[in-house]
Amino acid sequence: MGLNDLTIHELAGRLAKKEIAAADLARDVVARTEAMEPKLHAFLEWNGGELLTAARDMDERRARGEVLGPLAGIPVGIKDVLNVQGHSCRCGSKILQGYVAPYDATVVAKLRAAGVIPFGRLNMDEFAMGSSTENSAFGVTHNPWDLERIPGGSSGGSAAAVAAAEVPAALGSDTGGSIRQPASLCGVVGMKPTYGRVSRFGLVAFASSLDQIGPFAKDVTDAALVLGAISGRDPNDSTSVPEPVPDYTKALTGDVKGLKLGLPKEYFIPGMDKEVDAAVRAAVDKLVSLGAEIIEISLPHSDYGLAVYYIIATAEASANLARFDGVRYGSRAKDAKDPLDMYGRTRGAGFGPEVTRRIILGTYVLSSGYYDAYYLRAQKVRTLIRRDFMEAFQKCDAILTPTTPSAAFKIGEKAEDPLTMYLSDIFTVNVNLAGICGVSVPCGFTKQPKLPIGLQVLGKPFGEATILKVAHAYEQATEWHKEKPKI
Amino acid sequence: MDYEICIGLETHVQVKTRTKVFCACPTEFGAEPNTNVCPVCLGYPGSLPVINEVAIRKTVLAGMLVGAKIAHHSKFDRKNYFYPDMPKNYQISQYDLPLVIGGTVEYDFGVVDKKRLGETKVCRLTRIHLEEDVGKNFHFERTSGVDFNRAGTPLMEIVSEPDLSSSDEAFAYLTALKEILIYGGISDCDMEKGQVRCDVNISVRPRGQKELGQKVEIKNMNTFSGVRHAVDYEAQRQIETLNRGGRLVQETRRWDDMAGVTESMRTKEHAHDYRYFPEPDLLPVSLNEAWLAEVRKLVPELPSAKRKRMVGRYGIPPYDAGVLAADAALADYFEAAAQASKNPKSVVNWVTNDLLRDLAEAKLAIGQSPVKPPHIAELVELVDSGKISSKIAKDVFVEMFKTGRAPAAIVAEKGLVQVSDTGAIGKFCDEVIAANPKIVADFKAGKEAALNALTGQVMKLSKGKANPQAVRDALRGKLSG
């Protein structure tokens with residue numbers, strides 16, 4: 001067992017006591033990554049030498065007597081959608097070939113300030129559009145629990161890298177489930193914070209009103225540590241909120257007595273995988289045995305979520321992705337006759353089919369004559385979806401649902417059918433539309449093959465501490481998080 | 001047939017801010033290409049806009065200056081279209097909820113014809129909104145380039161109703177608008193730096209018809225005289241087309257300044273669909289009463305009101321009042337001097353003639369004037385009390401401008417006090433009479449003009465200090481005696 005197998009909170013204690021050095025950890029991380037990558041392809045790029053140098057710097061600082069926080073010297077994997085100064089940031093797309101980030105995303109700067117060493121570029125569906133990483137222009141990532149299966153997406157590289165213990169933690173982004181769904185399918189903890197909790201500055205936008213950055217970790221405590229480090233108001237992001245950032249680890253008491261947990265009837269549907277259904281219901285029973293109170297709730301507009309999501313997300317994406325035109329950075333078609341020709345050929349060659357599909361859809365729903373029927377209507381239904389949640393939170397402290405309707409599917413299984421693929425986000429998209437927070441925590445496995453299942457805990461706006469408390473109490477009362485994939 | 005011309009203007013004005021509208025890059029003009037840029041104004045992946053409060057404040061102030069309604073709730077939208085000078089391929093603008101709604105601009109025909117000074121009309125405004133400027137394309141022999149220094153500069157778009165009915169009115173409206181914006185410190189309106197650009201909407205209709213005719217938009221003119229010429233050309237073109245029995249189509253045209261013609265860019269069928277939608281990266285703007293009250297304190301008196309007030313209060317000619325009112329700093333200077341003087345009419349002459357001339361020659365702004373307002377009042381008092389002659393006053397003014405000293409001090413030091421003492425003047429007169437027997441003889445023969453020549457000699461002898469009237473009286477007395 002290497003240091004890479006430990007959690008951050010375990011490592012932090014040993015680093016602080018100087019029992020181990022950050023350089024030791026870095027070496028184990030690099031060794032593990034080297035061993036795993038030929039099988040997983042979680043990383044698009046990584047630089048072991050750079051990690052080692054940064055780790056040694058951190059060890060020197062500690063040796064000089066600097067008081068460092070619990071994240072100091074911890075390598076954290078970074079999804080390819082976040083700018084890290086001096087590194088590529090291709091968003092899994094050919095169109096950003098050659099682009100070198102001139103600045104750090106705010107989350108990256110905050111992690112650095114906490115002593116974290118950003119490590120590598122983690123694979124993803126192109127521009128975060130997808131649920132399997134099959135839409136990456138640079139090859140699919142394999143699920144560590146079954147290499148023939150997808151790791152989920154779009155942050156599939158982040159989930160797989162943490163599940164395979166290549167890195168102790170990673171950052172991803174979640175627009176409709178892109179953190180929680182792969183976390184569930186890879187058997188790790190994945191958290192989507194409340195919209196506005198974490199700055200989006202430096203996150204290449206897919207759908208600006210839905211995107212949030214969040215952590216992947218081996219357990220809830222680590223997720224709480226990383227979340228605390230990246231949260232807070234950022235003057236560079238007008239949509240970040242000046243809500244105080246608590247010490248999330250303080251909420252992890254294991255005590256859920258008297259907490260009211262809502263079960264939305266719309267999230268336990270016929271046609272859902274039986275093993276998933278059983279695992280989630282067992283998790284609910286476990287929480288009851290810990291003293292939580294279960295109440296049945298209804299989120300009546302849930303069914304409209306996917307339709308609303310694919311209108312709003314694609315509309316915003318059609319504008320957000322317009323900047324990839326070959327003029328200032330990234331790839332550019334050669335020998336174009338005029339600007340229009342340059343745009344058409346650059347974008348035609350640079351974007352994959354799913355991204356192209358969504359740009360066209362988004363352009364359509366915003367077009368004159370269709371705007372009211374699609375975009376405006378979708379915004380109204382979005383308000384209803386949010387209202388459903390706000391009313392539910394009058395009655396309960398958190399909501400429990402499955403994270404996904406089924407465990408990881410096989411590579412290629414749904415690639416040709418985008419609509420079926422979209423359905424894998426059915427339990428996660430409404431959370432983004434409502435702007436609330438959610439976390440996925442492992443809650444069991446399917447039998448044959450053995451694949452992870454996730455429990456999703458949803459909280460009210462800025463209710464991160466509550467859902468982490470619930471997820472942590474459940475996690476500590478079970479052994480699921482201790483199971484590791486054999487690769 | 002008799003046609004009526006209907007003109008509405010969309011005027012884009014650079015808002016005077018230190019930094020750009022959505023990032024901290026400077027708005028300075030003339031820097032090396034692509035030096036005043038950052039990930040935000042270059043539209044780099046992951047960058048986000050943050051609104052510049054000064055730009056909002058100045059847009060709202062502009063609204064207050066034109067008596068408009070200020071929207072308590074406003075928002076930004078994305079206007080989508082592809083062009084190489086546009087970093088994000090969408091422009092952050094305002095669509096259905098602009099910051100400013102309505103308002104009026106009163107314009108004076110005096111700027112097109114001095115004789116019509118004081119003849120005014122009012123143009124209604126539709127709205128004023130805030131948006132970002134784009135970069136600038138350059139074309140070289142085989143390649144093109146874009147300078148993004150200007151991208152993200154705050155622009156105010158001021159949209160007028162189609163109330164203007166001639167090129168003169170369009171010109172007078174633009175002049176009045178510019179004056180207001182400069183007055184409020186909202187924009188420098190520097191035409192040479194492209195700080196004011198205009199789109200013109202123009203249509204013609206048979207006089208008396210209620211509905212507007214087919215609208216044609218002329219894009220992107222950056223001089224007021226260009227607007228004037230384009231309007232004249234385009235109105236004529238439309239009228240001639242109709243008179244020939246032709247039909248006008250809704251279209252966008254371009255003004256070719258060199259050729260002096262407008263030419264079609266695109267018709268309605270090819271109009272852009274900008275696919276506006278709310279900008280998700282910026283919060284809606286809510287302006288509360290306390291904030292608005294702070295802005296209201298910045299509202300200055302407008303030129304037309306100032307002109308009228310100064311004519312009434314100081315009794316100065318309307319033309320001079322107009323000259324003063326056109327420049328707030330100059331008007332303030334004049335008022336400071338006039339209030340210290342019993343003779344504002346004389347003050348205005350000194351300010352608009354001598355002072356402005358010398359300032360122009362020295363290339364100084366009114367704020368840099370070496371002559372201070374109380375000194376003008378003092379100079380006027382020296383003349384009015386008979387202490388110095390008007391002629392001497394001119395010399396004193398030259399000295400005041402050169403040294404910045406008070407006129408009384410200059411007069412005292414140089415001994416320039418006017419001599420009215422008959423004894424001293426009598427002595428000068430005797431000398432001149434003795435030395436100029438021929439002129440004396442002319443005068444005695446009835447040549448009245450000869451007295452002027454003798455007076456001049458006496459003045460010369462007294463080094464200009466003698467009171468000319470006293471000299472004439474003394475000479476006449478001695479020669480007729």
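In this predicted model, A:Lys18 is exposed, with a relative accessible area of 54%. The residue lies in the loop of chain A that runs between α1 (8–16) and α2 (22–40), and its phi is near 60°, a positive value in a residue other than glycine. A positive phi of about 60° is also found at A:Ala165, again a residue that is not a glycine. A:Ala165 is placed in the loop between α5 and β4 (169–174) of chain A, and at 5% relative accessibility A:Ala165 counts as buried, because the limit for that class is under 20%. As a background to these two residues, most residues other than glycine have a negative phi, and most peptide bonds are trans.

The bond from A:Gly153 to A:Ser154 is cis, with omega near 5°, and A:Ser154 is found in the loop between β3 (117–122) and α5 (156–163) of chain A. The bond from A:Gln448 to A:Pro449 is likewise cis, with omega near -5°, and A:Pro449 is found in the loop that joins β10 (437–445) to β11 (452–459) in chain A.

The contact between the two chains was examined next. In chain A, 38 residues are in contact with 31 residues of chain B, and the two chains bury about 2,700 Å² between them, of which 61% is on carbon and sulfur atoms. Of the area that chain A buries against chain B, 23% is supplied by A:Ser238, A:Arg323 and A:Arg328, more than by any other three residues. Between chain A and chain B, 19 residue pairs are in polar contact, with both residues at pLDDT 80 or more. On the side of chain A that touches chain B, at least two residues are supplied by each of α9 (305–320), α10 (339–350) and α11 (353–366), and the largest share, four residues, comes from α9(A). Sorted by class, this side of chain A has 20 nonpolar, eleven polar and seven charged residues.

Charged side chains were considered both across the interface and within each chain. Side chains of opposite charge can pair when their charged atoms come close. The structure holds 56 salt bridges over all chains, and one salt bridge is found across the interface of chain A and chain B. In that pairing the side chains of A:Arg200 and B:Asp281 meet, with a distance of 3.0 Å from N to O. Both residues also belong to a network of salt bridges that links A:Arg200, A:Asp237, B:Arg78, B:Glu279 and B:Asp281.

A contrasting case is A:Asp425, which is buried yet has no salt bridge. A:Asp425 lies in the loop between α13 (418–423) and α14 (429–434) of chain A. Apart from residues up to four places away in sequence, A:Asp425 touches A:Ser131, A:Gly176, A:Gln181, A:Leu306 and A:Tyr310.

B:Leu292, in helix α4 (residues 289–296) of chain B, counts as buried at 1% relative accessibility. B:Leu292 and B:Leu61 are 231 residues apart in sequence and 9.0 Å apart in space, C-alpha to C-alpha. With residues up to four places away in sequence not counted, B:Leu292 touches B:Val60, B:Met64, B:Ile70, B:His72 and B:Leu287. B:Glu179, found in helix α2 (residues 167–183) of chain B, is partly exposed, with a relative accessible area of 28%. B:Glu179 and B:Gly152 are 27 residues apart in sequence and 25 Å apart in space, C-alpha to C-alpha. Leaving aside neighbours within four places in sequence, B:Glu179 is in contact with B:Pro303 and B:Ala326.

Key. Residues are numbered from 1 along each chain as its sequence is written. Chains are lettered from A and ligands numbered from 1 in the order in which they are written. This is a predicted model: local features need pLDDT of at least 70, side-chain atom pairs count only at pLDDT 80 or more; totals for chains, interfaces and linings use all residues. Side-chain values use heavy atoms; hydrogens and water are left out. Contact means heavy atoms within 4.5 Å. Buried area is the accessible area (1.4 Å probe) that two parts lose on being put together, summed over both. A salt bridge is a side-chain nitrogen of Lys or Arg within 4 Å of a carboxyl oxygen of Asp or Glu. A polar contact is a pair of N or O atoms within 3.5 Å; within protein, one must be able to donate a hydrogen and the other to accept it, and residues adjacent in sequence count only if both atoms are side-chain atoms. Ala, Val, Leu, Ile, Met, Phe, Trp, Tyr, Cys and Pro count as nonpolar, Asp, Glu, Lys and Arg as charged, and the others, Gly among them, as polar. Buried means under 20% relative accessible area, exposed over 50%, partly exposed in between (1.4 Å probe, protein chains only). Lys and Arg count as positive and Asp and Glu as negative; His and the chain ends are not counted.
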